[in-house]
Amino acid sequence: AISPQPSAAAGKHMLQVGAVRSRAEAEKMVEAVRQKHGAKLGSAPATIDEVVYGNMGTFYRVRLGPFVDAAIPGQVCTALRPDGYDCMIVTR
């Protein structure tokens, strides 16, 4: 059997930049990260997911990617932490 090779677009590593209380705040976060780290991020798309955490209410998760190579989001996350971002690498 021949197994299909994953394409570059099929990367599984995402960079979660943070979770905030409003969509406007999430959009500002995407802009700020792109301005400061756009060179490393390249054309990685940004997604904003609306999630409800139990009785804590609705949050907007900001994620960038996917990336084929986990090193890229790892480098960006390391660079973001001193700016107060609570980022982490997640796989989809």
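**Close-ups of a predicted model**

**View 1. Helix H1 passes helix H2 in a right-handed crossing.** H1 covers residues 23–41 and H2 covers residues 71–80; their axes come within 10 Å and cross at roughly 150°. Angles over 145 degrees count as roughly antiparallel, so that is how H1 and H2 sit relative to each other.

View 2. Sorted by type, the contact residues come out as 6 nonpolar, 2 polar and 1 charged.

**View 3. The disulfide between Cys-77 and Cys-87.** The structure holds 1 disulfide, and here it is, with the sulfur atoms of Cys-77 and Cys-87 2.1 Å apart. Cys-77 belongs to helix H2, while Cys-87 is in the loop between H2 and strand E4 (88–91), so the bond ties together parts that are 10 residues apart in sequence. Are these two cysteines, Cys-77 and Cys-87, buried or exposed? Both are buried.

**View 4. A cis peptide bond at Gly-65 and Pro-66.** Now for a bit of backbone: the bond joining Gly-65 to Pro-66 is cis, with omega at about 20°. Pro-66 is part of strand E3, which spans residues 57–67.

Conventions: Residues are numbered from 1 along each chain as its sequence is written. This is a predicted model: local features need pLDDT of at least 70, side-chain atom pairs count only at pLDDT 80 or more; totals for chains, interfaces and linings use all residues. Side-chain values use heavy atoms; hydrogens and water are left out. Helices (H or I, at least four residues) and strands (E, at least two) are DSSP runs, numbered from the N terminus. Axes are lines fitted to C-alpha atoms, for helices over the stretch in contact, and angles run from 0 to 180 degrees between N-to-C directions. Angles under 35 degrees count as roughly parallel, over 145 as roughly antiparallel, 65 to 115 as roughly perpendicular and the rest as oblique. A crossing is left-handed if the near helix is turned anticlockwise from the far one by less than a right angle, and right-handed if clockwise. Ala, Val, Leu, Ile, Met, Phe, Trp, Tyr, Cys and Pro count as nonpolar, Asp, Glu, Lys and Arg as charged, and the others, Gly among them, as polar. A disulfide is a pair of cysteine sulfur atoms within 2.5 Å. Buried means under 20% relative accessible area, exposed over 50%, partly exposed in between (1.4 Å probe, protein chains only).
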